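These are notes for a colleague opening this structure for the first time. The points are meant to be read alongside the sequence and the coordinates.

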Amino acid sequence: MNFHTRKWIKPEDLNPNGTLFGGRLLEWIDEEAALYAIIQLENQKVVTKFMSEINFTASAQPGDIIEIGLEVNKFGRTSIDLKCEVRNKMTRETIITIENIVLVNLGEDGSPKPHGKTKIEYVKDRLKV
């Protein structure tokens with residue numbers, strides 16, 4: 001699992017219990033998954049189609065630093081299927097896991113478009129001549 005983004009838990013991210021609001025965390029995960037898919041599929045027109053069961057296993061407190069990790073499960077014809085884990089950066093305790101996040105590649109008309117990708121590509125490799 002590659003951990004791409006870190007977030008610092010601030011007062012505006014908290015629920016009435018004083019811990020990280022789940023909706024805020026899901027917003028961050030959705031954004032990170034979209035950015036990952038956009039880079040992999042080389043298309044800015046990508047939408048989230050599906051998120052599987054979300055399993056909260058721990059909480060985050062004000063001042064904690066969390067990190068969001070993503071891993072490709074598979075490439076579909078028009079989609080990319082990701083797995084996500086969010087953990088506390090300092091303790092390495094898992095906060096949430098999501099087994100499947102499916103994002104769909106769209107064409108100019110807004111309908112699903114084949115992307116032709118079959119494996120993870122890194123920008124450094126795309127730049128080689």
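Leaving aside its neighbours within four places in sequence, which residues is K117 in contact with? The model is a predicted one, and the points below start with that residue.

1. Contacts of K117. Once neighbours within four places in sequence are left out, K117 is in contact with Q40, L41, E42, F75 and R126. K117 belongs to the loop between β6 (94–105) and α2 (123–126).

2. Burial of K117. Is K117 buried or exposed? The relative accessibility of K117 is 14%, and buried means under 20%, so K117 counts as buried. The side chain of K117 also makes a polar contact of 3.1 Å with the side chain of E121.

3. The largest pocket. About 160 Å³ of space lies in the largest pocket. E121, the polar partner of K117, is one of the residues lining this pocket. Q40, which is in contact with K117, is also part of the lining.

4. Where the lining comes from. Which element supplies the largest share of the lining of the largest pocket? That element is α1, with 5 residues. Both β1 (2–8) and α1 (22–41) supply at least two residues of the lining.

5. Most residues other than glycine have a negative phi. E42 is not a glycine, yet has a positive phi of about 55°. E42 sits in the loop between α1 and β2 (46–51), and is also among the contacts of K117. R92, likewise not a glycine, has a positive phi of about 65°. The place of R92 is the loop between β5 (79–88) and β6. The relative accessible area of R92 is 45%, so R92 is partly exposed.

6. Aromatic rings. How many aromatic pairs does the count come to? The count is 0. One ring does have a charge over its face: R87 lies over F3, at 3.6 Å from the ring centre.

7. N17. The loop between β1 and α1 holds N17. The relative accessibility of N17 is 67%, and exposed means over 50%, so N17 counts as exposed. N17 and Q61 are 44 residues apart along the chain, and their C-alpha atoms are separated by 10.0 Å.

Notes. Residues are numbered from 1 along each chain as its sequence is written. This is a predicted model: local features need pLDDT of at least 70, side-chain atom pairs count only at pLDDT 80 or more; totals for chains, interfaces and linings use all residues. Side-chain values use heavy atoms; hydrogens and water are left out. Rings of Phe, Tyr and Trp (its six-membered ring) pair if their centres lie within 6.5 Å; planes under 30 degrees apart count as stacked, over 60 as edge-to-face and the rest as tilted. A charge sits over a ring if NZ of Lys or CZ of Arg is within 6 Å of the ring centre and within 35 degrees of the ring normal. Helices (H or I, at least four residues) and strands (E, at least two) are DSSP runs, numbered from the N terminus. Buried means under 20% relative accessible area, exposed over 50%, partly exposed in between (1.4 Å probe, protein chains only). A polar contact is a pair of N or O atoms within 3.5 Å; within protein, one must be able to donate a hydrogen and the other to accept it, and residues adjacent in sequence count only if both atoms are side-chain atoms. Contact means heavy atoms within 4.5 Å. On a 1 Å grid over the protein atoms alone, a cavity is a set of points where a 1.4 Å probe fits but cannot get out, and a pocket is an open set with protein on both sides within 12 Å along at least five of seven lines; lining residues have an atom within 4 Å of a point. Grid points are joined across faces, edges and corners, and a volume is the space filled by probe spheres set on the points.
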